[in-house]
Amino acid sequence: MSATIISGKTISAKLRQAVKAEADALREQGIVPGLAVILVGNDPASAIYVRNKEKACAECGFYSEKYELPAETSQAELLELIEKLNQDPKVHGILCQLPLPEQISEDAVIRAIRPEKDVDAFHPANVGHIMIGDHDFVPCTPAGVMAMLDECGIDPAGKHCVVVGRSNIVGKPMSMLLLHRHGTVTVCHSRTKDLADVCRSADILVAAVGRAGFITADMVKEGAVVIDVGINRTPEGKVVGDVCTAEVAEKAAWLTPVPGGVGVMTITMLMQNTLKAAKKQAAG
Ligand code: NAP
């Protein structure tokens, strides 16, 4: 079998057009969706993500603000900025790019962003809504994966969905979204026994590990859907996923590429969340 490649770029282009059309209509009513992005320090990968988020805002006709703070910024200074943005009516969404320098608690920052402006959906209030299934904001990366499945007509209902990784930002919410769509979900992590066996039983396999080439062909069932969330940099500076693409493509029915897969969808979902935040805040 040779897998069909699920292009995040193509799906994103279509979804961003729809976001832009809605943003254009909102502008007629005097509402311009606004996103503030905060970058602390000089992590080169984070700087690229922030630039791509700014570009996406421009593409969708959003207002955007970027704050680039030095690595030695204190937690108090960052929280003060977040509070200012919480109060700013032009800003409907606030995103603080992770990871943060060690003197700043990620948890404190996540909790400081008002849940209505938490377009990353990391605040415990939003996490609770995701668990119950009555959420406004879906965390962007898992939401991007669900949008890719939907675009390809892949229904998780009744399928064995294996998520490798249990982080708060990818693995856990991913498993919850698949469960809401009636998948039978197994979540794996570094202490999972017989991981290859578990992966081989997956109809839908989501890799969110953060290790280049972690998922090899022998871990994949013939005809499976393989979603590669990983973004890893090789020593040569190349960006690769968690999946050994060439060999897995021979076995899987569907496969997402890296780059051009889940990463670009993540930013598109951020645009959708920001649009939703603007509409909700405008409605009071
Ligand atoms: P993370 O917080 O480091 O979590 C990694 C997970 O992988 C953990 O749950 C860990 O298990 C598990 N793991 C590590 N080694 C393992 C092993 N040998 N066997 C089984 N499980 C193992 O990472 P993350 O933030 O979820 O991100 C995961 C990857 O996705 C990274 O490459 C990241 O760059 C990428 N990412 C991509 C996007 C995107 O837009 N495409 C967005 C976010 C993240 P334990 O919990 O037991 O330690």
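Is D24 buried, partly exposed or exposed, and what is its relative accessible area?

A: Happy to take that one. This is a predicted model, in which local features need pLDDT of at least 70 and side-chain atom pairs count only at pLDDT 80 or more, while totals for chains, interfaces and linings use all residues. Residues are numbered from 1 along each chain as its sequence is written, and side-chain values use heavy atoms, with hydrogens and water left out.

D24 is partly exposed, with a relative accessible area of 26% (buried means under 20%, exposed over 50%, partly exposed in between, with a 1.4 Å probe and protein chains only). Its partner in a salt bridge is R27, with the closest N and O atoms 3.3 Å apart; the term stands for a side-chain nitrogen of Lys or Arg within 4 Å of a carboxyl oxygen of Asp or Glu. Because D24 and R27 are 3 residues apart in helix 1, about one helical turn separates them (helices are DSSP runs of H or I with at least four residues, numbered from the N terminus). R27 is partly exposed too, at 36% relative accessibility. K20 joins D24 and R27 in a network of salt bridges.

E151 is partly exposed at 35%, and K14 is partly exposed at 47%. Across the whole structure, a search finds 14 salt bridges.

How values were computed: Helices (H or I, at least four residues) and strands (E, at least two) are DSSP runs, numbered from the N terminus.
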